[in-house]
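Hi everyone, thanks for making the time today. I'd like to walk you through one structure, so please have the viewer open and follow along with me.

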Amino acid sequence: MSFEWAPRLQADSYRLAALSRYPRFSLVTLAIAALLGCTLVQAAPWLPSSSLCLAVVMALLVVLMRVRNDVARHAVTVALFAAWAALHGARGVSERLPRESEGEDVTLVGRVVDLPRRVDADTSFLFVPDAIGDATVVLRGRVRLTWYRSASPPRPCERWRLRVRLRRPRGSVNPGGSDAERVALQRGIVATGYVRPSRDNRKVSDSECVDGWRSAIADALDRQLGARRARVIKALSVGDTRGLDGADWDIARATGVSHLIAISGFHVGVAASGGVLLVRLIYAVFPWLALRLPRPVVQSVAGLLVATGYGLLAGMGLPTVRTLLMIAVMAAAHCLRRGVHGVTMLALALVAVLVASPLSVLSAGFWLSFAGVGFLMACVAPRAEGWRGWIGELLRAQAAMSLLLLPMSLWWFGSASLAGFAANLVAAPLVSFLVVPLCLASSVLLPWPVLAAPLLSTASGLLDALWHGLALVAAWPAARLGVAEAGLVPVVLATFGAAWLFLPRGVPLRGYGSLLCLPLLMPPKAVPTHGAFHAWVLDVGQGLAVLVRTRSHTLVYDTGPAYAGGRDAGAGVVLPSITALGLGPVDMLVVSHGDRDHAGGASSIAARYPQALRLSGEPRRLAFPAQRCTAQTSWSWDGVVFRFIDVPRERSGKTPGNDRSCVLSIEGAGGRFLLTGDISERAERRVDEDAWLSELPTVSTVAHHGSRHSSGAGWLAAVEPVLAVASAGYRNRFGHPHPTVVRRFEAVGARMLVTAGSGAVRIDFPLRVGPRVVREWRLGERRYWRE
C-alpha cells in the first residue's frame with residue numbers, strides 16, 4: 001500500500017492526509033477511534049491511578065509513532081484515547097475533597113466564576129480557590145457554594161475570603177434521574193458546601209473578566225426590559241439562564257426548543273455570518289480595499305472573531321466550542337486557498353474537543369451537538385434548486401433532527417418532544433434569523449439606550465408571541481413522549497434505524513429502519529402477577545418518596561422535598577422515575593402529612609396526573625384539594641389490599657404534624673409493606689397493638705427517617721420487620737438514621753438499608769416467596785465517579 005506524506009485536503013473522500021505518522025489515516029476514522037476510546041472507558045467501575053494512566057499514555061504514543069499497519073494504528077488510537085480519558089477521570093476523582101475533611105470548616109481564598117444565582121436571600125455560585133487560609137486542605141478545581149441569607153452576594157470575577165463547610169460531590173441515584181456525581185466530574189467540581197457565618201468573610205479584590213462583562217450586559221438588559229421580559233433575551237445574548245423558571249423549562253422541553261434558549265452552535269454561526277456580512281458591506285463601500293486585502297480572507301477572519309466574541313459571552317459551552325472549531329477550520333482553509341468539506345471540519349472539531357476535554361463524552365450536550373450536525377451532513381442534502389428546494393431542505397433537516405435525536409433525548413432525559421418538529425418549524429427560523437441578530441445588535445448598542453431600546457422591544461415582542469404559542473403547544477396531551485428505560489442497545493438500534501429512514505433514495509428497505517425503533521418504544525416490563533406488587537423507595541435526600549405498583553395500578557406515597565429556587569423532588573425525581581419504570585399513569589397520590597420534605601413535590605405530581613385520587617393526613621397544608629386519610633378507607637387493587645392504620649390524636653388536642661401522618665399498610669399474598677410517614681414513638685404507642693400485627697413478613701419504611709424518637713421497642717416487637725428502609729440524606733445534619741435506631745432494628749433481626757448509601761431501592765413482594773430486594777441503584781451499576 002502506497003502512502004502520500006504531503007499534507008493536503010482531499011474533499012472528495014473527506015480525508016486530511018499527512019498528519020505526522022498518519023499517512024492516508026483519515027481524520028474521520030481518527031475521530032471515530034478517539035470517540036470510541038473516550039466512551040468505552042466511561043463504563044469502567046474503577047480506574048487505575050493517574051500516574052499509571054499517564055505512563056500508559058506515553059507508552060501508547062511511542063507505539064503509535066512506530067506502528068505501520070492501519071488496523072493496528074486504529075486499535076492503538078482507541079487505546080490511547082481510552083488511557084487519555086482514564087487519566088482525566090482518575091485525576092478528577094483524586095482531586096475531590098479528602099474524605100477526612102468532610103464536615104470541617106475551612107477558609108478558602110479564591111475567585112468567583114460564572115454567573116452567581118440568587119434566589120430570595122440565598123446565593124449559589126462557583127468558586128475557584130487559589131489559597132487555603134488555615135492550610136488544612138488543598139483543592140484543585142471548582143467548588144459549588146451556597147451562601148444563605150447573604151447580605152452582599154458575590155459577583156463574577158471578585159476574589160473573596162470565605163469560611164466554608166464542604167463535602168465531596170454527592171447526588172441522589174434513581175431510575176431515570178440525572179447523575180450529579182458524573183456532572184460534577186465533567187465540570188471539574190471537586191466539592192460542594194455552604195458559607196459559614198464568620199467575621200472573616202470578606203471581599204479581597206475586584207478584577208475584570210468575561211463573566212463580569214456577561215453579568216454587566218445581563219444587568220443592563222434587566223434595566224431596559226425588566227427581569228421577567230428580559231429572561232430569554234439574556235439567555236440568547238450572554239447565555240444567562242438564571243431568570244428562567246421551572247415553568248419556562250417545562251415549556252421548552254415539551255416543545256423541543258431547549259436548544260434555542262441556550263446559545264446553540266447555530267446561533268454562533270449566525271453571529272459569524274454577521275461578521276462576514278459586515279465585511280461585505282465595508283468592501284462594497286470601499287472597493288479599493290480588495291487591492292490590499294483579499295475579501296475572502298478578511299471575511300473568514302472577521303467571522304471567526306465575531307463568533308469567538310459571541311462564544312466567550314455565551315460561556316463557551318460544548319455546542320459553542322464545536323461551532324467555533326469548525327469555523328476556525330473553514331477560516332484557515334480560506335486563508336490557505338484550500339477546499340474543506342463539512343465532515344472534515346466536524347471530525348477535526350471532535351478530535352480537538354476530545355484532546356482538550358475527553359470527559360466531555362459524559363455530557364448530553366456533547367452527543368446531541370455532534371450527532372445533530374453529523375446527522376444533518378449525512379442524511380440531508382439539497383434535492384432541488386430555488387426557493388422550493390430551500391424549503392424542502394429545511395423541512396427535511398427539521399424532520400431529521402426531530403427524529404434522529406429522539407432516541408438520544410430519551411436516553412439522556414427520559415422524555416422527548418413529539419411536538420418538536422412543528423414547534424421548531426416556526427421557532428428555529430424566528431429565533432435564529434430575527435431574534436438572535438436583534439439581541440446581538442442591541443447588546444452592542446446598550447451603552448446608547450436610545451438606540452438599543454427599539455431593537456430590544458422588537459425582540460421581546462417576538463419572543464412573547466412565540467412563548468405564548470409554545471405554551472399552547474406544550475399543553476397538548478401528546479406533546480411529550482416518555483418511555484421506560486430500555487438500555488443502551490435499544491437506543492443505538494433506534495438511532496441507526498432513524499438514520500436508515502433518511503438515507504438517499506434508492507437504498508433498499510429504507511422503511512424497515514422503523515422496526516429498529518420498536519425495542520426502544522416498547523421495552524419489556526416486569527408486571528406483577530395478581531396478588532403480588534413491587535415497591536420503590538426513591539433516593540430524595542432528606543425526605544421520603546415511595547412508588548407502589550400492582551398489576552394495573554400505581555400509587556405514590558409522599559413526593560420528596562422542595563428545594564430553593566422553585567425546584568422539587570416531584571418533578572426532578574418522582575416523575576422521571578415513574579417514566580423510566582413505565583409505571584404511569586398514577587391512580588392515587590398519598591401525602592402522609594404537610595411537611596416540606598414529604599409534600600414538597602406533591603404539586604408537580606398532582607399537575608401531571610390530575611385524575612389521581614389525593615389523600616393526606618393534613619390536606620389543608622397542601623396547595624391543592626385532597627381528602628383526609630382515615631382508618632375507614634381501604635381498597636383492593638389486583639388482589640393487593642390497601643388500608644390506613646388509625647393513629648389516635650393526642651388527648652390534649654395538640655397533635656404534632658408528624659403524628660398526623662397517614663400510615664398505610666399494603667398486603668399482598670407474600671408480604672406486607674408498611675409506610676409509616678413521620679410518626680413518633682408516642683404515636684406508635686397510641687395505636688391499637690392488633691393493628692400492627694400480621695402473619696405476613698413485613699417490610700417497613702423507618703419512621704421519621706430514623707429519628708431516635710421513632711421506631712420504639714414496642715412497635716418493633718409488634719411489627720417484627722424483616723427489612724427496613726430509611727430515607728435519609730447523605731451526611732444530613734440530623735444524624736439520621738440515629739445509631740440507637742439502627743441497633744433497635746438489628747436487635748429484632750431486621751436488615752436496614754439507607755437510601756444515602758443504597759440509592760433508590762426496589763423491593764418485590766411475590767406470591768409465595770417472601771419480600772426481596774431486587775436492586776439498589778447506587779450499588780447495582782458501579783461507575784468510577786460514583787461514591
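**Salt bridges, cores and rings**

Let's start with charge: searching the whole structure, which is a predicted model, turns up 31 salt bridges. Side chains of opposite charge can pair when their charged atoms come close.

Go to K234 first, where the side chain forms a salt bridge with that of D222, at 3.1 Å from N to O. K234 sits in helix 6 (residues 231–238) and D222 in helix 5 (residues 210–225), so this bridge ties together parts that are 12 residues apart in sequence. Are the two partners buried or exposed? K234 has a relative accessibility of 6%, so K234 counts as buried. D222, at 22%, is partly exposed.

Now compare a bridge inside one helix. R253 and D250 also meet at 3.1 Å, N to O. They are three residues apart in helix 7 (residues 246–255), and therefore separated by about one helical turn. Here R253 is partly exposed, with a relative accessible area of 41%, and D250 is partly exposed as well, at 37%.

D764 counts as buried at 5% relative accessibility, and R762 is buried at 16%.

Let's move on to the nonpolar side. In soluble globular proteins, nonpolar side chains tend to be buried together. The largest nonpolar core here has 44 residues, and the members that touch the most others are L47, L354, F366, F370, L404 and Y784. Which elements give two or more residues to this core? They are helix 1 (27–40), helix 3 (70–94), helix 11 (318–335), helix 12 (342–356), helix 13 (364–379), helix 14 (386–404) and helix 18 (488–501). Helix 12 gives the most, with eight residues.

Please click on L47 for a moment. Leaving aside neighbours within four places in sequence, L47 is in contact with V41, A86, G89, A90 and Y784. There is also a second, separate core of 42 residues, with L260, A271, A307 and V435 among them.

Some nonpolar side chains are on the outside, though. L278, I282, V285, F286, W288 and L291 make a nonpolar surface patch of about 640 Å². V285 belongs to helix 9 (residues 265–285), and V285 counts as exposed because its relative accessibility is 57%, where the cut-off for exposed is over 50%.

Next, the rings. A pair of aromatic rings is described by the distance of the centres and the angle of the planes. The structure has 16 aromatic pairs by the rule used here. In one of them, F496 and W500, the ring centres are 6.1 Å apart and the planes are at 45°, so this pair is tilted. F496 and W500 are four residues apart in helix 18, so about one helical turn separates them. F496 is exposed, with a relative accessible area of 54%, while W500 is partly exposed at 22%.

How are the rings of W715 and F745 arranged? Their centres are 6.3 Å apart and their planes are at 70°, so the pair is edge-to-face. This pair links distant parts of the chain, with W715 in helix 25 (residues 713–719) and F745 in helix 26 (residues 739–747), 30 residues apart. Both partners are buried, W715 with a relative accessible area of 4% and F745 with 1%. Elsewhere, ring pairs join W635, W637, F642 and F644 into a cluster.

Last stop, the backbone. Most residues other than glycine have a negative phi, and most peptide bonds are trans.

- The peptide bond from H736 to P737 is cis, with omega near -10°, and P737 is found in the loop between strand 22 (721–726) and helix 26.
- D120 is not a glycine, yet has a positive phi of about 55°. D120 lies in the loop between strand 3 (105–119) and strand 4 (122–132), and counts as exposed at 74% relative accessibility.
- H704 also has a positive phi, near 55°. H704 lies in the loop between strand 21 (698–701) and helix 25, and counts as partly exposed at 21%.

Terms used
Residues are numbered from 1 along each chain as its sequence is written. This is a predicted model: local features need pLDDT of at least 70, side-chain atom pairs count only at pLDDT 80 or more; totals for chains, interfaces and linings use all residues. Side-chain values use heavy atoms; hydrogens and water are left out. A nonpolar core is a set of buried Ala, Val, Leu, Ile, Met, Phe, Trp, Tyr and Cys residues joined through side-chain atoms within 4.5 Å. Buried means under 20% relative accessible area, exposed over 50%, partly exposed in between (1.4 Å probe, protein chains only). Contact means heavy atoms within 4.5 Å. Patches are made of residues with over 30% relative accessible area and no salt bridge: like charges are joined within 9 Å, nonpolar side chains (Val, Leu, Ile, Met, Phe, Trp, Tyr) within 5 Å. Accessible areas come from the Shrake-Rupley method with a 1.4 Å probe; for residues, only the protein chains shown count as cover. A salt bridge is a side-chain nitrogen of Lys or Arg within 4 Å of a carboxyl oxygen of Asp or Glu. Rings of Phe, Tyr and Trp (its six-membered ring) pair if their centres lie within 6.5 Å; planes under 30 degrees apart count as stacked, over 60 as edge-to-face and the rest as tilted.
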